[in-house]
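Trainee: I am new to this structure. Please walk me through how to read it.

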Amino acid sequence: MAVEGGMKCVKFLVFVFNFIFWVCGVALIVIGIYAQVALNKALAVSSASASSTPIAILVLGVIIFFISFFGCCGAWKESYCMVTTFAVLLSIIFLVEIAAAIAGYVFKDKVRSVLEEGLWDAMRKYGEDDPLTEAVDELQREFHCCGANNYTDWATIEAFKVNDTVPHSCCRVNTTSCNVHPRPATVYEKGCLQSIEAWMKKNILIVAAVALGIAFFEILGIIFACCLMKGIRSGYEVM
């Protein structure tokens with residue numbers, strides 16, 4: 001009876017875990033969508049590798065969302081095969097997340113250089129490529145920034161160098177001549193690279209907290225699934 005009661009408890013814990021895991025999946029989906037929307041224009045002027053990050057978070061959230069339902073079905077049906085598959089998939093996701101975290105830490109400086117390169121490329125094509133021009137303008141307005149590193153970056157772009165101007169989206173107050181002979185009093189002084197980095201640092205704690213929470217519950221899920229597998233294989237009744 002003690003073993004039966006223990007298996008009932010494990011089965012209940014698997015259900016509770018999968019509900020929490022489902023919530024974690026929803027949280028990742030929300031974070032992925034939020035990052036994609038909030039950094040939409042910044043990602044538009046960067047490379048494909050940088051712009052794929054929010055999408056990767058979103059996809060991971062969707063995968064976790066469905067795996068949690070898979071785990072619930074396995075526990076409910078007391079299917080050894082389904083519970084085993086659930087445990088294996090969860091272990092794979094956990095290892096992939098660890099690898100992604102390590103890669104993110106190792107290549108964190110690469111992200112900055114890729115973003116800076118993308119900003120400069122967009123500035124050079126400003127006025128020639130309409131989608132990029134719109135993306136740069138919206139980015140500068142939203143983040144209250146001008147240029148890649150600061151507003152003087154636009155002086156290196158030939159189209160703006162000849163008449164000592166910057167795009168109107170750099171202006172603190174949008175007037176007819178606010179972009180002519182720019183100075184800190186009339187245009188945003190800070191560069192967009194710095195503004196985007198500040199935004200990312202501000203929100204990285206949320207991402208880190210969610211990631212740690214998910215990792216913790218994944219470990220619990222693997223342990224509970226293995227216990228349930230053992231109980232099912234041993235032939236104990238866990239209904």
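Trainee: Which side chains meet in a salt bridge?

Mentor: Start with the general idea. Side chains of opposite charge can pair when their charged atoms come close. In this predicted model, aspartate 121 and lysine 125 pair in this way, at 3.4 Å from N to O. The structure holds one salt bridge.

Trainee: Which residues touch the most other members in the largest nonpolar core?

Mentor: Leu119, Cys146 and Trp154 do, in a core of 25 residues. Helix 5 (108-124), helix 6 (130-143) and helix 8 (192-234) each supply at least two residues of this core. The largest share is five residues, from helix 5.

Trainee: What does tryptophan 154 touch, leaving out residues up to four places away in sequence?

Mentor: Its contacts include Met123, Tyr126, Val136, Phe160, Pro167 and Cys170. Gln140 and Lys161 are among them too. There is also a second, separate core of 21 residues. Val83, Ile214, Leu228 and Met229 are among its members.

Trainee: Which elements have the lowest and the highest mean pLDDT?

Mentor: Again, the general idea comes first. Where pLDDT is low, the predicted coordinates should not be read in detail. Helix 2 (residues 40-44) has the lowest mean, 56. Helix 7 (residues 158-161) has the highest, 90. The chain averages 80, and 87% of the residues score at least 70.

Methods:
Residues are numbered from 1 along each chain as its sequence is written. Side-chain values use heavy atoms; hydrogens and water are left out. pLDDT is the predictor's confidence in each residue, from 0 to 100. Helices (H or I, at least four residues) and strands (E, at least two) are DSSP runs, numbered from the N terminus. A salt bridge is a side-chain nitrogen of Lys or Arg within 4 Å of a carboxyl oxygen of Asp or Glu. A nonpolar core is a set of buried Ala, Val, Leu, Ile, Met, Phe, Trp, Tyr and Cys residues joined through side-chain atoms within 4.5 Å. Buried means under 20% relative accessible area, exposed over 50%, partly exposed in between (1.4 Å probe, protein chains only). Contact means heavy atoms within 4.5 Å.
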